[in-house]
Amino acid sequence: MRRPTGRLLAIWAVTSAVVTLLGPLAGLLWAAVVPKVTYVVVQGEALLASPEDQGPITVDARFALIVLVAGIGCGAVAYLAGGRGNDSALLLGLAVGGAAGAVLAWKTGNLVGLGHFEDAVRHGRDGTTVTGVADLRAKGVLVFWALGAVAAYGLLELVVRRLPAGDEGDAGAGEADEVGGDEFDLESAPAGRDVDGREP
């Protein structure tokens, strides 16, 4: 059964909005769990105190993990809450919302303590050490939220296998032999009789 376009647009818009609004929460979580990365002030710029410090990589990795888990959760909830025939709208909403949510998570997490960090760098003497803020260097991980959501949705579809959108869910014969999208059941006529009930 084909859904009205307006209904599908509404499902897409709501899904996108809900997923996007989760972005700032993920960003606050990211800022709370990032490791401390120490910088040294040199001529008004912040440079890594130790070039071999793995802190920035860990910061990126924790962001990737947070948005990936968020994406998987969103995809699972959308699949379980969505109805048959809404898949395209839900998937598009997850993709758009996931991309927007990841960007908001990055920007929100980066803002936590940013003003203090910039002031310390701007006014610090050469050699002064400062603690950095959450910042993303590997921008490619921004797609992890959307990818996780779509992948979770698709995996659940493979496992659960909702009935095709054209099937009304009626029990008995008629699912595998529907023709052209209409419910024309080749097995529904009683044995020994034709479809209109006339004897040969």
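What is the volume of the largest pocket? I took this as the opening entry.

**Basis.** I worked on a predicted model, in which local features need pLDDT of at least 70, side-chain atom pairs count only at pLDDT 80 or more, and totals for chains, interfaces and linings use all residues. I numbered residues from 1 along each chain as its sequence is written, and side-chain values use heavy atoms, with hydrogens and water left out.

**Pocket.** I found a volume of about 230 Å³ for the largest pocket. Of its 15 lining residues, Thr15, Val77, Ala78, Ala81 and Leu90 are the closest to the centre. I used a 1 Å grid over the protein atoms alone, where a pocket is an open set of points with protein on both sides within 12 Å along at least five of seven lines, for a 1.4 Å probe, and lining residues have an atom within 4 Å of a point. Grid points are joined across faces, edges and corners, and the volume is the space filled by probe spheres set on the points.

By class, the lining has eleven nonpolar, four polar and no charged residues. Ala, Val, Leu, Ile, Met, Phe, Trp, Tyr, Cys and Pro count as nonpolar, Asp, Glu, Lys and Arg as charged, and the others, Gly among them, as polar.

**α1 with α4.** I noted that these axes come within 7 Å and cross at roughly 25 degrees. The two helices are therefore roughly parallel to each other; angles under 35 degrees count as roughly parallel, over 145 as roughly antiparallel, 65 to 115 as roughly perpendicular and the rest as oblique. Axes are lines fitted to C-alpha atoms, for helices over the stretch in contact, and angles run from 0 to 180 degrees between N-to-C directions. The crossing is right-handed, a term for a near helix turned clockwise from the far one by less than a right angle, left-handed being anticlockwise. Among the contact residues I listed Thr15 of α1 and Leu90 of α4, where contact means heavy atoms within 4.5 Å. The contact residues divide into eleven nonpolar, seven polar and no charged.

**α2 with α4.** I found these axes within 7 Å, crossing at roughly 40 degrees, and the pair is therefore oblique. This crossing is right-handed. Its contact includes Trp30 and Ala31 of α2 and Gly109 and Asn110 of α4; the classes are eight nonpolar, six polar and no charged.

**α2 with α3.** Helix α2 (residues 23-33) and helix α3 (residues 55-81) pack at about 145 degrees, their axes 10 Å apart. I recorded a right-handed crossing. Ala26, Leu29, Trp30 and Val33 in α2 meet Val59, Arg62, Phe63 and Ile66 in α3, of which seven are nonpolar, none polar and one charged.

**Two single residues.** What does Ala31 touch, not counting residues up to four places away in sequence? I found Gly109, Val112 and Ala134. Ala31 and Phe63 are 32 residues apart in sequence and 9.0 Å apart in space, C-alpha to C-alpha.

I located Gly132 in the loop between β3 (129-131) and α6 (144-160). Neighbours within four places aside, Gly132 is in contact with Val37, Tyr39 and Phe117. Gly132 lies 22 residues from Asn110 in sequence and 9.8 Å from it in space, C-alpha to C-alpha.

Terms used. Helices (H or I, at least four residues) and strands (E, at least two) are DSSP runs, numbered from the N terminus.
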